[in-house]
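Welcome! Please take a moment to look over the sequence and the 3D structure before reading on.

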Amino acid sequence: MSGRLPVRKTYKLFIGGAFPRSESGRTLEAEGQNVARASRKDARDAVKAARGAFPKWSAATAYNRGQVLYRLAEMMEARSADLAATCSGEAEVEAAIDRVVWYAGWTDKLPQVLGGSNPVAGPYFNFTVPEPTGVVAIVAPDEPALLGLVTRVAPALAGGNAVVVVASETHPLAAIELAEAIATSDLPGGALNILTGQRAELAPVLAAHMDVNAIDVTGAGEGATELERLAAENVKRVVRGPADGQSPWEIQALLEFKTVWHPIGT
Amino acid sequence: MADLEKTRPPAPVPLEWEYAPAPESREIVHFQERYGLFVGGEQIEPRSGEWYSTIAPASEEHLAEIAQAREEDVDLAVQSARDAFENGWSRLPGSERAKYIFRIARILLERSREFAVAESLNSGKPIRESRDVDVPIAAAHFFYYAGWADKLEYAFPNRRPHPLGVAGQIIPWNFPLLMLAWKIAPALACGNTVVLKPSHTTPLTALLFTDVCRQAGLPPGVVNIITGDGRTGAAMVRHPGIDKIAFTGSTGVGKDIQRAIAGTGKRLTLELGGKAANIVFDDCALDQAVEGIINGIYFNQGEVCCAGSRLLVQESIYEQVIAKLKRRMSTLRVGDPLDKNTDVGAINSREQLDRITELVESGREEGAEIFQTECTLPDRGFWFAPTVFTNVAQSYRIAQEEIFGPVLSVLTFRTPEEAVEKANNTAYGLSAGVWTEKGSRILWMAERLRAGVVWGNTFNRFDPASPFGGYKESGFGREGGRHGLEAYLRFE
């Protein structure tokens, strides 16, 4: 009985920049820890927080969004040992950090690569710019625990969306560890919200939520069809992609294109 | 300036002006008595054995017998499109595909008057619009996408494009030929084959288009046109041989389609309804703005998904704008779509007229104040006088629901922030208009309006090079421009 008893961590949700327990008072045991089991009400609160953060995050300059994401990579680097303990190890953490840096560099290039001016047949100046879709729900894949989550979340944030993530049910610790890096990254509170708990309980609430504009069903497995069906209620964009990979087209999947016309004349 | 406007006597309103009739000749169009389904490059009798009559909405005159396609017919059309895809079209060099599509563009222009007359007859839209807007832009669309067919690898950096296969395309009755062009041109350019269903009420220009395909020498089965009502569309959506559905129409049907294809892996693009705000600031060029308001809501009888159906006027110029608007409305000529002087034609169908009438009734009941121009409407056919509602609250159905008719709802605002708030306060997000002479304000507004198309000091402009499509419940995907290609490609 010598030595000091360590102080353990309580694994909580991440909503609106804060770390609340589930309002339901429930937990579930995953990876040897008690993890908050978010309720439907928590999911709705997370959407509300995301909607509240959307104006600020989407209106931030592209340069600023890039800096904030880069700062997130810095915070992840500082916590790399902790992050490594929640996933397959150091190599996965490094890949995840590098992915965040990669997307950080995209924020101020997207409009030039994806948008542009359009040569219409008339005296009009016409241009198309990408804009974030809005509030995006992401059902994170189980594997790789950290990199899979980062792969889906980073492009959504780079595009300027506000995000609600349903973390992997089997590997939720990486998500919570990541939340702690995010909390110190200058990302506006609510721009990324993380729910742990049962996917089958949470994902349908987000898929059916009328204030969610898009859903990424990459981690939903066989449940994806039901989520797609629910998504139709407000014409959500339904997105799926690789659990490991990076591309500006992953960002584009969660962008809208706005085209502006104005006459040219004296 | 404002005072001057008030004290100056109003310009005489040419209400009593007599216009001699200026009808466009119908002789240029010859409809068959009966149109079968266009499958595998030829007209075939529907396996369903069912036919229906298509009419001229301006006179209710019968124009032709049209086939009603059912499951078996859809199946044949999909098979034909699949065969054409596998047996050549998808392997044809892009440069050769391009030349077919260029040919189509050219032939459409050569036959433009015929198509304009047919379009006005079957849809009820004024010949001035079908002649100057629908047909030329449809041809331009083919010309634009023809050029992409052999340049696809330059459109998407670091991605290898491939066609999807068979595209099932379902289009509405408001711009029958133009919507056909928006759908078919990019699909073919990307190497797909298509099964297209025109609207139940406006099949004729799509059926005439089959003759353009013949003249262009397009290989059989690359374009298949099947006609019928919602049952035909539903059979297309369910058909396992279709790789992609492209739908333009109501938000209600769009949601049904999205639900129906959940889990099938079919690709989907939706271009749905709208309730666009046309926002007029007190520093606008007033007369131009009034023209823009008129064009925004009375173009094509207001049967336009991106119509400027909610007018947001800054309070300080409210009376002036309404007075000018009413005066301008009273000069609109409503009547024979084939008359070259006509500004507002017939409503497309009795069903649509009933819907407009019902919504207008709800506006009266909820307490809005109605103004309609005094025009003599023909006895036969489907007509609705240009209408404006003032004293409208945001919660009224006429401020929330798409009317798809010549009915404008007027609301007011004080600050730019309030204008943005009200403009965005709908489930839709297709288009918006802003009228102000202040450049920074146009851009400030354009940034904040959650809509896929923003017209600054103009309205209802379309061009093949310009992406078009909605935010929120107005749908997803873009038509037009480089962006329009993506709906018809998969990438490695």
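The report below walks through a few places in this predicted model.

Let us begin with the layout of chain B.

Where the two domains touch, domain 1 of chain B gives 21 residues and domain 2 of chain B gives 28 residues. On the domain 1 side, the elements that contribute two or more residues are α4 (112–123) and α5 (127–148) of chain B. That side of domain 1 of chain B divides into seven nonpolar, seven polar and seven charged residues.

## A three-stranded sheet in chain B

Next comes a sheet. Three strands of chain B form an open sheet in the order β1-β5-β4, and their pairing is mixed. At its edges are β1 (34–35) and β4 (51–56) of chain B, each of which pairs on one side only.

How many bridges link β1(B) to strand β5 of chain B? There are two bridges between β1(B) and β5 (residues 61–67) of chain B, and the pairing is parallel. Within β5(B), E65(B) is the residue opposite R34(B).

## Helices of chain B

Helix α3 of chain B spans residues 94–110 and holds A105(B). Is A105(B) buried or exposed? A105(B) is buried, because 24 other C-beta atoms lie within 10 Å. Setting aside neighbours within four places in sequence, A105(B) is in contact with A139(B), F142(B), F143(B) and A146(B). A105(B) and Y144(B) are 39 residues apart in sequence, while their C-alpha atoms are 8.9 Å apart in space.

Now return to α4(B), whose axis comes within 9 Å of the axis of helix α7 (residues 204–216) of chain B, with a crossing angle of roughly 155°. The two helices α4(B) and α7(B) are therefore roughly antiparallel to each other. From α4(B), the contact uses F115(B), A118(B), E119(B) and N122(B), and from α7(B) it uses L204(B), T205(B) and L208(B). Sorted by class, the contact of α4(B) with α7(B) has four nonpolar, two polar and one charged residues.

## Where chain A meets chain B

The contact between the chains takes 26 residues from chain A and 34 residues from chain B. On the chain A side, β4 (124–132), α9 (224–231) and β10 (255–263) of chain A each supply at least two residues. Which of these gives the largest share? That is β10(A), with eight residues. The side of chain A that touches chain B divides into twelve nonpolar, eight polar and six charged residues.

Strand pairing also links the two chains: β10(A) and strand β18 (residues 453–456) of chain B run parallel and are joined by three bridges. In this pairing, T259(A) stands opposite V453(B) of β18(B).

## An enclosed strand in chain A

One last stop is strand β5 of chain A, residues 135–139. Five of the five residues of this strand are buried, so β5(A) is largely enclosed by the rest of the structure. In a regular strand, side chains alternate between the two faces of the sheet. Here V135(A), A137(A) and V139(A) point one way from β5(A), whereas V136(A) and I138(A) point the other way.

Alongside, β5(A) runs parallel to strand β6 (residues 162–166) of chain A, and five bridges join them. The bridge partner of I138(A) in β6(A) is V165(A).

Technical notes. Residues numbered from 1 in each chain as written. Chains lettered and ligands numbered in written order. Predicted model: local features only at pLDDT ≥ 70, side-chain atom pairs only at ≥ 80, totals over all residues. Contact = placed C-beta atoms within 7 Å. Helix = DSSP H or I, 4+ residues; strand = E, 2+ residues; numbered from the N terminus. Nonpolar A, V, L, I, M, F, W, Y, C, P; charged D, E, K, R; others polar. Pairing = 2+ DSSP bridges. Buried ≥ 20, exposed ≤ 12 C-beta atoms within 10 Å, placed from the backbone. Axes fitted to C-alpha atoms, helices over the stretch in contact; angles between N-to-C directions. Parallel < 35°, antiparallel > 145°, perpendicular 65-115°, else oblique.
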